[in-house]
Amino acid sequence: MREKNLQYLLDWTSIQDLAVEYGQAIDHGRDTGDWSRWANVFTDEVTADYTRLGFDPLTLKREQMPDVAKGALKAFHRVQHATANCVGLRFQSDSHAEVMAYAEVAHYFHAGGDQHEWTIVARYTFSVERTPDGWKIRKVLLDPIHYRGNRVGKDLLEGKTLI
């Protein structure tokens with residue numbers, strides 16, 4: 001077990017901020033088209049496991065991750081990741097940790113002239129590592145627990161279109 005000293009607290013706070021930044025940065029990218037913030041949360045190579053949503057697992061360069069998000073979110077005019085401000089954290093060493101964070105991810109879309117919402121209540125598990133640029137995500141696993149709202153949102157996420 002890692003000693004709980006000042007460095008432990010600094011690392012814990014940095015990793016908690018990283019878990020929240022993952023969601024806020026993807027929302028910022030969808031809103032503005034500037035995905036640099038989201039790419040910056042990852043290590044140079046990252047594994048994205050969204051298999052529980054029906055996608056194949058991917059291992060990509062950090063710079064490729066925005067293309068994954070843009071493709072998945074193209075049908076939604078807004079998204080909002082509400083990530084818990086408290087995360088579960090287990091250090092494996094001074095430079096590696098496993099993080100669990102709960103989130104509600106709302107996806108907003110228009111259909112029939114009305115705005116609709118589809119929300120995923122999920123658990124994110126991040127494998128993070130300390131880099132020269134701070135703590136970064138090496139692997140992300142998204143585990144949906146519950147869906148709420150208009151089920152058409154899931155179809156849109158899967159690339160289906162409305163007629």
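R78 and D31 form a salt bridge in which the closest N and O atoms are 2.9 Å apart, the term being used for a side-chain nitrogen of Lys or Arg within 4 Å of a carboxyl oxygen of Asp or Glu. This pair links distant parts of the chain, since R78 lies in strand β3 (residues 78-83) and D31 in helix α1, 47 residues apart. Helices (H or I, at least four residues) and strands (E, at least two) are DSSP runs numbered from the N terminus. R78 counts as partly exposed because its relative accessibility is 42%, and D31, at 39%, counts as partly exposed too; buried means under 20% relative accessible area, exposed over 50%, and partly exposed in between, with a 1.4 Å probe and protein chains only.

## Basis of the model

The model is predicted, so that local features need pLDDT of at least 70 and side-chain atom pairs count only at pLDDT 80 or more, whereas totals for chains, interfaces and linings use all residues. Residues are numbered from 1 along each chain as its sequence is written, and side-chain values use heavy atoms, with hydrogens and water left out.

## Other salt bridges

Side chains of opposite charge can pair when their charged atoms come close. By the rule stated above, the count comes to 13 salt bridges. One of them joins the side chains of R62 and E63, at 3.9 Å from N to O; R62 is buried, with a relative accessible area of 18%, whereas E63 counts as exposed at 55% relative accessibility.

Another salt bridge pairs E158 with K160, their closest N and O atoms being 3.5 Å apart. E158 counts as partly exposed at 37% relative accessibility, and K160 is partly exposed with a relative accessible area of 47%. Salt bridges that share partners join K154, D155, E158 and K160 into one network.

## Buried side of helix α3

In helix α3 (residues 65-73), the residues M65, P66, A69, A72 and L73 are buried. They are on the same side of α3 because they cover an arc of only 130° around the axis, an arc taken from the directions from the helix axis to the C-beta atoms.

## Nonpolar surface patch

L6, L9 and L10 make a nonpolar surface patch of about 310 Å². Such patches consist of residues with over 30% relative accessible area and no salt bridge, nonpolar side chains (Val, Leu, Ile, Met, Phe, Trp, Tyr) being joined within 5 Å and like charges within 9 Å. Accessible areas come from the Shrake-Rupley method with a 1.4 Å probe. L10 is found in helix α1 (residues 6-32) and, at 44% relative accessibility, counts as partly exposed.
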